[in-house]
Structure formats: structure tokens, C-alpha cells
Amino acid sequence: MSEITVKRSGAKRRSQMSRAQAKAAWGLSAPAIIIMFLFMILPFFMSVFYSFTDRRLVLNPNKPTKFVGWANYIKTFTNKNELLHLRRGIYKLRGTIVKNTIAIGMSPFLMNLAACFIVIFINKGLKEYDGDLAIGAFGIVNRIVFLFVMIVMGLNQGMQPIAGYNFGAQQYHRVNQVLKLTIYGATAVTTTGFLVGELMPELAVSAFTTHEGLIQLSATGLRIVVIFFPIIGFQMVTSNFFQSIGMAGKAIFLSLTRQLLFLLLSIILLPLCWGSAGIWWSMPISDLTASVVAGIMLYRQFKIFKTHGNKLKVEN
């Protein structure tokens, strides 16, 4: 076989490997892209479109939707009775509002920042104890788990304005009601993820790869990661709940304790005894401990709500 033929066959194999890697990358990214499109991008463009029409939340079959152009915007921003309308002095920043805005947004910011560092530690540990294949397995497990986490994040975003408005109006029974409904919905979602991860992990991870070794490693990791997944919905909702009612300090505390205190310590300490298995087990252990802390804080907050509610009844 000539040298030219060998070079051509080598280039062909590299090209085939590149295409296979590209397909694998799209396969890993596709679920997140689809969910992001359905729950974020599509609703945004739909809301923009409907803002130029007279469409209402409750549709009237006898009154079809009509295009009204800029009429809704003009009516809103020129009406002095509206909360948001154009007037002098509105472009000047107010320190109190800016401070509260930063405080509320600081919790998700720090949580995402901490998550980035945590992924670095997880990848480093998996590579050290189990090689590159374990990093690929974690990527697959993380994508599957994130599918359900994103749905819970959507529920949290729906709860946030309702809880915040009723908390400001001192309608604590409504705050409790929307919190309970969100917890029920989030728990149902994460329980579904738990059942998928425990009953059919091979089927779930096989959607991302055909490599037998990677499927087995990913399936094992998925079973471990989702052991306490049913209570993760509760922990996520509780953290977002404190953010919704303006208690940014408690929301930041819950976010950072799970990521930096429980998870990071587990990632550092557990592998010393159990190797790569310790890294996988650090995730459900941090989920459990963070959920216990969230439950204690929420219980104390409910007692405060109950006290305020009784005071309002006495005053009325």
C-alpha cells in the first residue's frame, strides 16, 4: 500500500470521526435547545406578536382577534392611571430600587456562578479517578437531569410574581396556597425524573450515545444522581420562594449552601474513600442535606406567616 493511500485513508477516518463527534454534540445539545425554544424563545415572540393585537387571556369566540398596531403601547404609556407610564423624572435611578433589584437577582447569579465552578471540580475529579469516559457520562446525566430541572424553573417563574404580589398585599393564605401548588407540581416533575432514572436509565442515556461502555457508566451514574431527586423540586421551589418575597439573604443562603458547602465538600472528601463513586454520590447527598435545611427554613417562615395572619384577624 502506497504512502498516499495510507494518508488518504487516515484523512477519511478523521473526517468520519469529526462527523460522528459533531452528531454526538448536537445529540447532547438538542434536548436543551428544544426545551429552551419551547419555554423561552417561542413564548417571548408570541407575547410580542399578541401585544400588537386586542387578544385577551380569556378568548371570546364571538370576537375574533384583531391587529391594533401600537394602540396597546400608546394607551398604556400615556395613561396616568397606569403604574408604568411616561412622565418626567422616570429615567433617574433610585438607590433603593436598584439595591433591591440587585439583591433579588444576586441569588440566581451566585447559584449559576457556583454551578460553573462545581462542574469544573466534578470534571477534574472524574478525569482523575475514572478517565475521559466518566466525563462524557456526567455530561449525559447532566443533560437528562436538566430536562426536568428546566421544567421546575418554569414553575418557579410562574410562582414568583403571584407570591410576591400577595406577600406585599399581606394575603398570606394565598402565598401559602401558591407555594403548595408549586411544590406539588415540582415534586411531580422531579418524581417523574426519578422514575426514569431508576427504572429505565439505559434507555434514557442511549438517546445520547451508542457506545456500550459509556451507556453502562452513564446509567450507573444516573441511578445514583436521581436517588433523592423527588425532593429536589421542593428545595428549588423553596429557594425561589424566598427570592420571590424579597428575602434575598435566605435565597442566597439556600443556593450557596447546596453548591459550595454541601456539594463542594462532598466532592473533595468522598472521593478520598470511594474514588469516582464518591463524586457521583456527592450529588444526591448534597441534595438531601440542602432539602433538609430548606425544609427547616420554610417551616420557620410558615410559623411567621401564621403569626401575622392571626394578628390581622384580631385587628379586623
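This is a predicted model: local features need pLDDT of at least 70, side-chain atom pairs count only at pLDDT 80 or more; totals for chains, interfaces and linings use all residues.

Visitor: How do you know that the length of helix H9 agrees with its number of residues?
Guide: Helix H9 covers residues 248-274, which is 27 residues, and at 1.5 Å a residue they should span 39 Å. The end C-alpha atoms are 37 Å apart, so the two values agree.

Visitor: Where does H9 bend, and by how much?
Guide: The bend is at Thr-257, about 40°. That is the angle between an axis fitted to the seven residues ending there and one fitted to the seven starting there. Just after H9 comes Gly-275, with a positive phi of about 70°.

Visitor: What makes the phi of Gln-170 worth a look?
Guide: Gln-170 has a positive phi of about 60° and is not a glycine. Most residues other than glycine have a negative phi. As for its place, Gln-170 sits in the loop between helix H4 (132-168) and H5.

Visitor: Why is Gln-170 called partly exposed?
Guide: Its relative accessible area is 42%. Buried needs under 20% and exposed needs over 50%, so at 42% Gln-170 is partly exposed.

Visitor: And Asn-176, buried or exposed?
Guide: Buried: Asn-176 has 18% relative accessibility, and the cut-off is under 20%. Asn-176 belongs to helix H5, residues 172-199. Leaving out residues up to four places away in sequence, Asn-176 touches Phe-302 and Phe-305.

Visitor: Let's go to the core. Which residues of the largest nonpolar core touch the most other members?
Guide: Of its 50 residues, those are Ile-122, Ile-144, Val-145, Leu-222, Phe-241 and Trp-280. Helices that each supply at least two residues of this core include H3 (95-130), H8 (232-244) and H10 (276-315). H4 gives the most, with twelve residues.

Visitor: Why is Leu-222 called buried?
Guide: Its relative accessible area is 1%, and anything under 20% counts as buried. Leu-222 is in helix H7.

Visitor: What does Leu-222 touch, not counting residues up to four places away in sequence?
Guide: Its partners are Val-141, Ile-144, Val-145, Gly-197, Pro-201, Ala-204 and Val-205. Each of them has a heavy atom within 4.5 Å of one in Leu-222, as that is what contact means here. As for Ile-140, it is 82 residues from Leu-222 in sequence, with 8.8 Å between their C-alpha atoms.

Visitor: How do you know that H7 reaches close to the expected distance?
Guide: H7 has 14 residues, and at 1.5 Å a residue 20 Å is expected. From its first C-alpha to its last, H7 reaches 20 Å. Buried residues in H7 include Leu-214, Ile-215, Ser-218 and Val-225.

Visitor: How many aromatic pairs does the structure hold?
Guide: Nine. One of them is Phe-49 with Tyr-50.

Visitor: What makes the pair of Phe-49 and Tyr-50 edge-to-face?
Guide: The angle between the planes is 65°, and over 60 counts as edge-to-face. The rings lie 5.3 Å apart, centre to centre. Phe-49 is exposed, because its relative accessible area is 51% and the cut-off is over 50%. Tyr-50, at 28%, is partly exposed.

Visitor: Why is the pair of Phe-52 and Tyr-73 called tilted?
Guide: Their planes are 50° apart, so the pair is neither stacked, which needs under 30 degrees, nor edge-to-face, which needs over 60. Centre to centre, the rings are 5.4 Å apart.

Visitor: What does the pair of Phe-52 and Tyr-73 tie together?
Guide: Phe-52 lies in the loop between helix H1 (3-50) and helix H2 (71-78), and Tyr-73 is in H2, so the pair ties together parts that are 21 residues apart in sequence. Phe-52 is buried at 18% relative accessible area, whereas Tyr-73 is partly exposed at 29%. Together with Trp-70, Phe-52 and Tyr-73 form one aromatic cluster.

Visitor: Last one: how many helices and strands does the protein have?
Guide: Ten helices and zero strands. Of the 316 residues, 33% are buried. Among contacts with a separation of 6 or more, 70% link residues 24 or more positions apart.

Definitions and conventions. Residues are numbered from 1 along each chain as its sequence is written. Side-chain values use heavy atoms; hydrogens and water are left out. Helices (H or I, at least four residues) and strands (E, at least two) are DSSP runs, numbered from the N terminus. Buried means under 20% relative accessible area, exposed over 50%, partly exposed in between (1.4 Å probe, protein chains only). The expected span of a helix is 1.5 Å times one less than its number of residues. A nonpolar core is a set of buried Ala, Val, Leu, Ile, Met, Phe, Trp, Tyr and Cys residues joined through side-chain atoms within 4.5 Å. Rings of Phe, Tyr and Trp (its six-membered ring) pair if their centres lie within 6.5 Å; planes under 30 degrees apart count as stacked, over 60 as edge-to-face and the rest as tilted.
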